Amino acid sequence: MRYGMAIDTLKCVGCGDCVVACQTENNVPFGYCRDWITETIDGTYPQVELEFRSERCNHCENSPCVRCCPTGASHIVEGGIVVVTADKCIGCSACIESCPYDARYTHPLGHVDKCTFCHHVRDYKQTTACSAVCPTSCIYFGDLDNPKSEVSMILKNRKFKDLAPEAGTKPQIFYLI
Amino acid sequence: MKEVLFASGRNIPNVDPQLHAWHWPIPVYLFLGGLAAGLLFFASYYTIIGKEKEMPAVTKWAPFFVPIALVVGLGALFYDLTNKLFFWRLYTTIRIESPMSWGAWALMIITPLSFLWIASYFKEIFPNWSWKFDFLEKIMDWVTENRKVMAWILLPMSIILGIYTGILLSAFNARPLWNNSILGPLFLVSGLSTAAALITWISKDAHERHLFTKIDLVLIATELFILTHMFMGFQAGPSVQQEAAFLLNGGEFTVVFWVFVVILGLVFPAILEISELIGYKVPVAVPAMLVIIGGLVFRFVMVEAGQITRYLY
């Protein structure tokens, strides 16, 4: 079992629904966010390209945040999801420094917080808040190890990229291009 | 033109627009940790080779700075934790892959030993000193007799502590300025150099001061050599590392790095120490202070500049 995401940059319009859904579902403190949207403008008019990406923790296979955590608060649970145990976190910020995607932040309560792939609903839902609400259905969430899952099928048929592969973290979120 | 912006808005404290999760306590601690490691290294080395009597400043006086440096440094670290009440979680687990876990456990051994070390000299320094209780007297007599054993433990532990202050940073592959394998040795040498400078400053014995001026010169030369190699590595590295090196060679940290670290912290004190060795009269505090300030500024530059370097956006 290996959870991952494929996000279609050709369908994403950058509405920010995924961001709000995540903040609501996960009780993210006001002013913070576990996912966000980047807009990349490449070139000058008329040769210009625009790309929207919904970004979040990449739940890396070789996760530097888990490696550098001195207490084991950052750990990997079933399906390769990286989560933080709040009452084991001392707030040293080493994982924030170690993340090439800046996907972590310090919760106002003191511990470090991040995307969990909505791990808390996994027993009864094979989806995440962001992918469930997406109005263009551009976020595909599922099991990368299962060749028949929607996310594996779409990665088989489409071209994709991942972010900062040169950082060596083996991210598990793929952007369809 | 390539422009990336956060369309959904993102303004998380200490992360946006530039990562700044580590503040002044971290470089202060890295400096004090390196200094303590260096002082302990010299003290235990000269105790092991049996030169305690000839080197009073190294083995007797300088170690008094160690517990102070460690307590202040650890206090600074504790201050920078955001979930302070859970700090004890560090000591419920050992994580081999995490440099911070190594450091926490090394300090768990070094800090009490450094207190014991200075306590074992109390009787020598204050002839009328009494430990008040019989069992304490017995324990301290035993500790004083076995100081060499303590030195054998502290020698490797001090190297671990000194090198860990650099590896703590170099283990982060997300920050290209830190992520180079030479940072550990660089911080170790820098820590040893600041310690040697402090020893020349407090030593009252001409022979000892002379020896440590020479040691400090060798360490400064080594540090310059390693710095050159670090920059060579950056220039030959991927574009993110070239950009990281540019922060120190043309970017916003150029002046503070070259003036306060390289020229005033390494080259100028080296010139002063050489002139002292060939017979000119140089106030000993000047090169020592310059080396110590240079070491502190170096850690501030590395921690601040490192957090700016990144892969994305």
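These legends walk through a few views of a predicted model. Local features need pLDDT of at least 70 and side-chain atom pairs count only at pLDDT 80 or more, while totals for chains, interfaces and linings use all residues. Residues are numbered from 1 along each chain as its sequence is written, and chains are lettered from A in the order in which they are written.

**View 1. Chain A by itself.**
Here you'll find five helices and 10 strands (DSSP runs numbered from the N terminus: H or I of at least four residues for helices, E of at least two for strands). Buried residues, those with 20 or more other C-beta atoms within 10 Å of their own, C-beta atoms being placed from the backbone, make up 46% of chain A's 177 residues. The C-alpha atoms fill a box of roughly 50 × 40 × 35 Å along the principal axes.

**View 2. Where chain A meets chain B.**
On chain A, 47 residues are in contact with 40 residues of chain B (contact: C-beta atoms, placed from the backbone, within 7 Å). Strand 2 of chain A gives the most to chain A's side, with nine residues.

Strand 2 of chain A and strand 1 (residues 2-6) of chain B run antiparallel, joined by five bridges; strands pair when DSSP finds at least two bridges between them. Look for A:Thr40 opposite B:Val4.

**View 3. Around B:Ala36.**
Setting aside neighbours within four places in sequence, B:Ala36 is in contact with B:Val66, B:Ala69 and B:Leu70.

Conventions: Contact = placed C-beta atoms within 7 Å. Buried ≥ 20, exposed ≤ 12 C-beta atoms within 10 Å, placed from the backbone.
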